[in-house]
Amino acid sequence: MEAVASFLLILGIYFLGTVAIIQQVIHPKSEMVPIQGTKSKAVVTNYAKILALSFLLALATTTLAYLLFI
């Protein structure tokens, strides 16, 4: 139980750190894209890409750190 709690704690800290770093590299943006056939527009963002990349990088580094040091 302690191992799972420490893994999740380290994962959370690494995730917040990687989100901050990746936002400096991949700048968050939102664009208004017109929908074909109508006059309305949709907002397209890259937030999902930033969060997914941050989570995968945090998961990889947490797993590596956990296997090496515990």
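Modeller: Let's start with a word we'll need: two residues are in contact when they have heavy atoms within 4.5 Å of each other. Keep in mind that this is a predicted model, in which local features need pLDDT of at least 70 and side-chain atom pairs count only at pLDDT 80 or more, while totals for chains, interfaces and linings use all residues. Residues are numbered from 1 along each chain as its sequence is written, and side-chain values use heavy atoms, with hydrogens and water left out.

My pick is Thr 18, which sits in helix H1. Helices here are DSSP runs of H or I with at least four residues, strands are runs of E with at least two, and both are numbered from the N terminus. Thr 18 is buried because its relative accessibility is 11%; buried means under 20% relative accessible area, exposed over 50%, and partly exposed in between, using a 1.4 Å probe and protein chains only.

Now zoom out to H1 itself. Along with Thr 18, the buried residues there include Leu 11, Val 19 and Ile 22, and H2 is part of what covers them. H1 has 24 residues and should span 34 Å at 1.5 Å a residue, which agrees with the 34 Å between its end C-alpha atoms. That expected span is 1.5 Å times one less than the number of residues.

Cross over to the other helix. H2 covers residues 47–69, and its 23 residues reach 32 Å from first C-alpha to last, close to the expected 33 Å. Its buried residues are Ile 50, Ser 54, Ala 58, Thr 62, Ala 65 and Tyr 66, and they pack against H1, residues 2–25. A handy thing to know while looking at such lists: an α-helix has 3.6 residues a turn, so residues three or four places apart point the same way.

Phe 69 in H2 is another story: it counts as exposed because its relative accessibility is 70%.

What lies beyond H1? His 27 is in the loop between H1 and S1, and this residue is exposed, since its relative accessibility is 54%.

Then come the strands. S1 (residues 30–34) and S2 (residues 41–45) pair in the antiparallel sense over five bridges; two strands count as paired if DSSP finds at least two bridges between them. Met 32 has Val 43 of S2 as its bridge partner, and Val 33 stands opposite Ala 42 in S2. The two strands make a hairpin with six residues between them, and Gly 37 in the turn has a positive phi of about 90°.
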